[in-house]
Amino acid sequence: MTARIQALDKHTDVLRLHASENVYGASSFVLEAVAEELSNLHRYPDSEGTELVHAIAGFHGVAPERVSIGNGVDEIILLLVLALADGTRAALTTDATFPSYRESMRATGQPYTTCALRDYRVPVDDLAARLRDGAPFAFVCTPHNPTGGVLDEAAITTLHQAAIAGGGVLIVDEAYGEFAAAGFASSLPAAATGRNICVMKTFSKAYGLAGLRVGYVVGDPAVIAKVNRLHPAVPYHVNRLAQRAAVAALADQRFMRESVARTVDTREHLRDRLHALGLRSLPSQGNFVLVHLGLAHESLVMLLRANGFAVRDTADMGLPHHIRVSIGTPEQMQAFLDGLADLLPLR
């Protein structure tokens, strides 16, 4: 019990293992930049985010015309849907994935269809066939939220070529890409020079800026131009602190890599311990693990919450009987494992 209490969030008395946050926080570069910017809170931010756009473009080696920023990836998703809206043809995503794709399409009245996962994997052939048939755009997540799986280079190429053939746009969500293993097949090289493809990234995960909400998209300049034409509707959508913090975060890659390495080590240890408890978890390349709990998952989720452990029930994402567990510090994960071991006999 003592270990559990010490691991809890001091503000909520709950161990937050449901939101895929970075428990190691933000770089000291970021904290210093935000502190300096506090004296400017009475001034509006740069509505075009010029410094941040150029910092992102320089970091990825792309032209600024291929970059647009937003208030988190959620806003980027909404802006992309609005920019690419087609009232007659159905857009695409998969079942059992990040809900914001569907929510943005529902909110805007964009028709869409979904493709079912196959053994927890993105159905590349199904998506490619529908893109070739003229789907206006498709959202694909890699590393996949919430399964943690990734697409290989051949799969990305197949989907991109299908989008080109059908005149649509492939939108790849790489929010968790920094946590993937060496050799991860990022779509950024294609988005840096090609057409019909965009890649979304975030500062919320690996960089620890979830509270400031900064996302961005790199890709086809024709699509980026359409997205940017929507910005005047909400001209100050990325605030001053967020813009300064994101620029500073990019400048401290060492901190980011160290926090990612610690997270990955803890993630693999968690999977080993879950296996020892007799629970199945999927190999993950994100900062979370998907765990199969079986038919009693609802009662176990409630028991965990009642004992101070907030985990993500993925039933509403299309994966009933599973939970997604975010990776915390080794001490936090040990507290979670101890609590889980005590509760499993009560299922």
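Select Phe-203 first: in this predicted model, Phe-203 is buried, with a relative accessibility of 0%. Buried here means under 20% relative accessible area, so a value of 0% falls within that class.

To see where the partners sit, colour by secondary structure: Phe-203 is in the loop between β7 (197-202) and β8 (215-219), while Tyr-216 is in strand β8. The pair therefore ties together parts that are 13 residues apart in sequence. Is Tyr-216 buried or exposed? Tyr-216 is buried, at a relative accessible area of 3%.

Next, stay at Tyr-216 and select Gly-70. Along the chain these two residues are 146 residues apart, yet 5.7 Å separates their C-alpha atoms. Gly-70 belongs to strand β2, which covers residues 67-70. Gly-70 is buried too, with a relative accessible area of 0%.

Now show what surrounds Gly-70. Leaving out residues up to four places away in sequence, which residues does Gly-70 touch? They are Glu-75, Ile-76, Arg-213, Val-214, Gly-215, His-237 and Val-238.

Move on to Phe-98 and Tyr-101. These two form an edge-to-face aromatic pair, with 5.6 Å between the centres and 85° between the planes. Tyr-101 is buried, and its relative accessible area is 1%. In total the structure holds 8 aromatic pairs.

Finally, clear the selection and show the whole protein chain. The chain has 13 helices and 12 strands. Its radius of gyration is 20 Å, close to the 20 Å given by the globule rule for 347 residues, so the chain is as compact as a globular protein of that length. Turn the model along its principal axes, and the C-alpha trace spans about 55 × 50 × 35 Å.

Of the 347 residues, 54% count as buried. Among contacts with a separation of 6 or more, 74% are made by residues 24 or more positions apart.

Switch to a surface view to end the tour. The accessible surface comes to about 14900 Å², and carbon and sulfur atoms hold 53% of it. Colouring by charge shows 31 positive and 36 negative charges, whose mean positions are 2 Å apart.

Terms used. Residues numbered from 1 in each chain as written. Predicted model: local features only at pLDDT ≥ 70, side-chain atom pairs only at ≥ 80, totals over all residues. Heavy atoms only, no water. Helix = DSSP H or I, 4+ residues; strand = E, 2+ residues; numbered from the N terminus. Rg over C-alpha atoms; globule rule 2.2 N^0.38 Å. Buried < 20%, exposed > 50% of the residue type's maximum accessible area, 1.4 Å probe, protein only. Contact = heavy atoms within 4.5 Å. Areas by Shrake-Rupley, 256 points an atom, 1.4 Å probe, with all protein chains shown as cover. Lys, Arg positive; Asp, Glu negative; His and termini not counted. Charge placed at Lys NZ, Arg CZ, Asp CG, Glu CD. Phe/Tyr/Trp six-rings, centres within 6.5 Å; stacked < 30°, edge-to-face > 60°.
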